[in-house]
Amino acid sequence: MTLASITKRALVVLTAAGVLSSLTACGLNGDNAGNSSAAQQSGTVNIGVIYPKTGQYAEYGKLFKQGFDLAVAQVNKDGGVQGKKLGLKYYDTQSDAKQDAAVAPKIASDQSIIAVVGDYASPASSAASPTFQQAGLVHYGFNNSASTFTDTGDHVWTPQIGQDVYQKANADIVTKHAKKISVVYLENDWGKQAYQYFKEEAEKQGVDIVYESSYLADSTDLSPILIPARDAKPEAIVDIGYGPDGALVLNTLRDKLGYTGEFFGGQETEEFLSLAGKNAEGTIITGSFSAEGTKDKKAQQFVKAFKAKYGTTPGNFEVTAYQAIIDLSYAANKEGATREGIQKGLQTITDFPLYQGDGGTFKFNQKTRRADNIKPILLIVKNGKFVQYNGD
C-alpha cells in the first residue's frame, strides 16, 4: 500500500472519527491538554505533538520529548513567541495511523494550537495530514523521510532528509564495502519505498543483491528469512528498518546463525545499542547529526545544554525534535504566533537555523516543502557508541 492510499483511507477514518464525542476514553487525550480559551487568556500559544509515548515505538517518543521540552524551555527563556509563552500539547498515538487519524480533529479544533509536529512513522503522520491541511494548520513532520509525505497539501512540511537521499548515501557506503549483498527490510510503506531507492542505487553501482526479503515490525523470530540471507554467502547484509527490529536482525545473525560478515542497519538510539550489545560493534548507518563531530557553535551549545539537563549525549532523533520547535518558533516570531503566521514563515524565511549536518542555515524548497540543504552523514558503532564515520 502506498502513502497516497493511506492518505485516502485516512479520509474515511476521519469521517468516522467525527462521531467520537470524546477521545479521552481511547487514551488519546493530551498529556497536558487544557482548555483552549484558558490557554489563550493566559497568553500561551501551543504546538500540538503527535508521538508514540507508549507502544512499540515508545523509545523514539522519549527521545523526541527530551528534544521538544528542551527547545520550549529555551524559547521561553529567550522571550517566547511575540511576547507569548510557548507550550506543548502532547497526544500519544503510538505512531499508529488509525490513532493519528482519530485524534487529528481534536487537535485541529483547538484554536490555541498554531502548528503540529510529529509523528514518528511517515504512514502514521500521513493519516493525520488531511485534517490539518483542511484546517489550515501546519503539519511539520520533522521525522518523516518518506518522499511522498508532503503530497497531501501546502500546509504539510518536513525538514527531514528524504529516503531517496538517505538511501543513495546508504548504497554508496555499502558499495565501498561489498559487491554481493543480502537485504532485508521492514514490511510497511516506508520500508518498501526506502528499499526501492536503495536497490535502484545499489544496482546502478554494480552491486549484486543475491537475496531480499521483507519482515513485519512485530516479528519475534526472523530466522526463516535470515537463514537464506546468510546461506546466499553475501559479503554484507543490509537491514532497512527501525531500531528494535534492526537489533533483532543483527542478534539473530550473530548469535543464532553464526554470521560474521559486515552489517549495515539499525538506528542511532540507546535502545538499539542496548539490545544489540557487543553485536552492534562496527555497524554502519546513515544519519544527520553527530554530537561529538559537529563543528557548528549553536549545535555544540545544544549538545552542552542537553547533557546538562538529561545526562546523556543527544543523537539524530533528539536534535531533529529540538530543531522542529526552534524552526516553528522562529517562524512565529518573524511572521506571527498564529496558524497563518507559521505558514507564511515557512513560505518566506530563508535562514532557519540548522543544527544538523554542517550547521549554518536552511530554507525550504517551496515546491516540495522539504529542506533544501540538509545532507546525511555516516555513523559507525565504536566502543558501544555511534560516532561519525568518514567512509574509509
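In what order do the five strands of the open sheet stand? The order is S2-S1-S3-S4-S5, with parallel pairing. Strands here are DSSP runs of E with at least two residues, helices are runs of H or I with at least four, and both are numbered from the N terminus. Two strands pair if DSSP finds at least two bridges between them. Strand S2 (85–92) and strand S5 (156–157) each have a single partner strand and stand at the edges, so one side of each has no neighbour in the sheet.

Before I go on, this is a predicted model, in which local features need pLDDT of at least 70 and side-chain atom pairs count only at pLDDT 80 or more, while totals for chains, interfaces and linings use all residues. Residues are numbered from 1 along each chain as its sequence is written, and side-chain values use heavy atoms, leaving out hydrogens and water.

Strand S4 (residues 138–140) runs parallel to S5 and is joined to it by two bridges. Tyr 140 has Trp 157 in S5 as its bridge partner.

Helix H3 (residues 58–77) packs on this sheet and touches strand S1 (44–51), S2 and strand S3 (113–117). Contact means heavy atoms within 4.5 Å. The direction of H3 makes about 165 degrees with that of S2. Helix H4 (residues 97–109) lies across S1, S2 and S3, at about 145 degrees to S2. Such angles run from 0 to 180 degrees between N-to-C directions, and the axes are lines fitted to C-alpha atoms, for helices over the stretch in contact.

Next, strand S8 (residues 236–240). Are its residues mostly buried or exposed? Five of its five residues are buried, meaning under 20% relative accessible area with a 1.4 Å probe, protein chains only; exposed is over 50%, and partly exposed lies in between. In a regular strand, side chains alternate between the two faces of the sheet. In S8, Ala 236, Val 238 and Ile 240 are on one side, with Ile 237 and Asp 239 on the other.

S8 runs parallel to strand S6 (residues 180–186), with five bridges, and Val 184 stands opposite Asp 239. S8 also pairs in the parallel sense with strand S9 (residues 262–264), over three bridges.

Last, helix H12 (residues 316–335) and helix H13 (residues 339–348): their axes come within 8 Å and cross at roughly 100 degrees.
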